[in-house]
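Biologist: I am new to this structure and would like to learn how to read its features one by one. Could we go through them slowly?

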Amino acid sequence: MPRYTFRLYCHKCGREFDPLEPIWKCGCGGILDIEMILEEVQVSKEVFRGRICSMWRYLELLPIVDKNNIVSLGEGWTPIINDRKNRKVHFKLDYLNPTGSFKDRGASILISHVRSIGVSSIVEDSSGNAGAAIAAYSSLAGIRTKIFVPKDAPREKIFQIRSYGAEVIEIPGSRENVNKKALESCRHALYVGHLWNPFFIEGIKTMAFEYCEQKNWIIPDLVIVPVGSGGLLIGLYKGFREFHLLDFIERIPRIYGVQAMGCSPVYDLLHGKCTATISSTLADGIAVPDPPRKFQVAKIVSETGGDIILVNDDEIIRAWKELCKIGLLVEPTSATSYAAYMRLVEEGSIDPHEHTLIPLTGIGLKALDRLSNIISRYGKQRFN
Ligand SMILES: [Zn+2]
């Protein structure tokens, strides 16, 4: 095996794989993970200064087998702004990425990898943002792409995926059924499902790198993120952890994840099954009933001193409207973390003087139909 600055291994049995192998999970059924071999990486804090304003400024810390095959639309290096009410709250506007969500970070590195190993046809299952991101980058790379989506996925997102040129296959029934059909169609194509793919997460960790650099190496006390597949939470943790191991930052922040009532697999692991009778209908982006990495997510929130917070639709709408008032139009799913923040402060569970990073993950323009329905359903006065 040639020498790389990372290793690809099974999270369950520890087996190592050649990164050039077109695989998506271990023969034992385990999830694949990537670990950077930091001793072999030559970087310092100063080296990044003045580089390209995209996530690729951290090239040495990304698992790339061929630098000539990078597929980029300029993703990353998104702005950070403060909440007007509490300047200790830092919103990272990741919805300003090329396809309108943070998933572009994952898609850029995933498709770069796919192209590097010579794969020309891929299959993904997604209900929205990840599908759109993978469709855009694979189109740019000239890779044939089939995206399996639930029949009830938001129409705007299905249209977006199709627009990039991907083949969309709509599957009735549960999210599991969509996954099953996607896997069945993989005889001549590589399954790149973002719930499983470790390269995807490696792209997302650049959000943590950027925060540190943009904030002059002062890290937040806590981070609050929506949890569907868990890729965002794991990615941010990996980013902070790597910078900590490199001695660029002094510690790793507390990491909180947010799930919505009615679909809370990680919350259930930590706190016992949630018995709420009313399910959220707004947070479609985090409606993942059985994410393969749920144990990893639970471990990270426990180890860093965070937690998983459950929010309901009323709280999501309130947070969404508060964000609108400061000029930030996000998807309902993206508002869940601000909803959790407001509750934690009101309950006294967190100190409002602590620096808090809240990534805003998906643009509201993708969800205008649903958002206008919400407004009519809840009545105008509730927004004043
Ligand atoms: Zn294994």
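Modeller: Let us begin with what it means for one part to cover another: two residues are in contact if their C-beta atoms, placed from the backbone, lie within 7 Å. Please keep in mind throughout that this is a predicted model. With that in hand, take helix α9, whose buried residues are covered by elements that include α7 (231–245), β11 (254–260), α8 (265–271) and β12 (308–311).

Biologist: Which residues of helix α9 are buried?

Modeller: Within α9, residues 294–304, the buried ones are K294, V297, A298, I300, V301 and T304. If you look down the axis of α9, these buried residues fall within an arc of 165°, and so they line one face of the helix. After α9 comes G305, which has a positive phi, near 85°.

Biologist: How should I read a strand, and which way do the residues of β10 point?

Modeller: The general idea is that side chains in a regular strand alternate between the two faces of the sheet. In β10, L222, I224 and P226 point one way, while V223 and V225 point the other way, and all are buried. Since 5 of the 5 residues of β10 (residues 222–226) are buried, the strand is largely enclosed by the rest of the structure.

Biologist: What joins β10 to β11, and which strand does β10 join by 2 bridges?

Modeller: In general, strands of a sheet pair through backbone hydrogen bonds, in either a parallel or an antiparallel way. Here β10 and β11 run parallel and are joined by 5 bridges, with P226 standing opposite V258 in β11. To get from β10 to β11 the chain passes through α7, a β-α-β crossover that is right-handed. The strand joined to β10 by 2 bridges is β13 (residues 356–360), and these two run parallel; V223 stands opposite L357 in β13.

Biologist: In what order do the strands of the antiparallel sheet lie?

Modeller: That sheet is an open one of 3 strands, in the order β2-β1-β3. Its edge strands are β2 (16–17) and β3 (32–36), each of which pairs on one side only. Between β1 (residues 6–10) and β3 there are 5 bridges, and the two run antiparallel; L8 stands opposite I34 in β3.

Biologist: Turning to backbone angles, is N216 buried or exposed?

Modeller: N216 counts as exposed, because it has 6 C-beta neighbours inside 10 Å. It sits in the loop between α6 and β10, and its phi is positive, about 55°, although it is not a glycine. A second case is D247, in the loop between α7 and β11, where phi is near 65°, again a positive value in a residue other than glycine. D247 has 9 C-beta neighbours inside 10 Å and therefore counts as exposed.

Biologist: Finally, which domains does the assignment give for the chain?

Modeller: The domain assignment gives domain 1 (80–99 + 199–383) and domain 2 (103–195), and their C-alpha centres lie 24 Å apart. The contact between them takes 24 residues from domain 1 and 20 residues from domain 2. On the side of domain 1 that touches domain 2, the elements giving two or more residues are α5 (198–204), α6 (206–214) and α12 (368–378), and α5 gives the most, with 6 residues. Sorted by class, that side of domain 1 has 11 nonpolar, 8 polar and 5 charged residues.

Terms used
Residues numbered from 1 in each chain as written. Predicted model: local features only at pLDDT ≥ 70, side-chain atom pairs only at ≥ 80, totals over all residues. Buried ≥ 20, exposed ≤ 12 C-beta atoms within 10 Å, placed from the backbone. Helix = DSSP H or I, 4+ residues; strand = E, 2+ residues; numbered from the N terminus. Arc of directions from axis to C-beta. Pairing = 2+ DSSP bridges. Right-handed = clockwise from strand over helix to strand, strands pointing away. Domains from an automatic or database assignment. Nonpolar A, V, L, I, M, F, W, Y, C, P; charged D, E, K, R; others polar.
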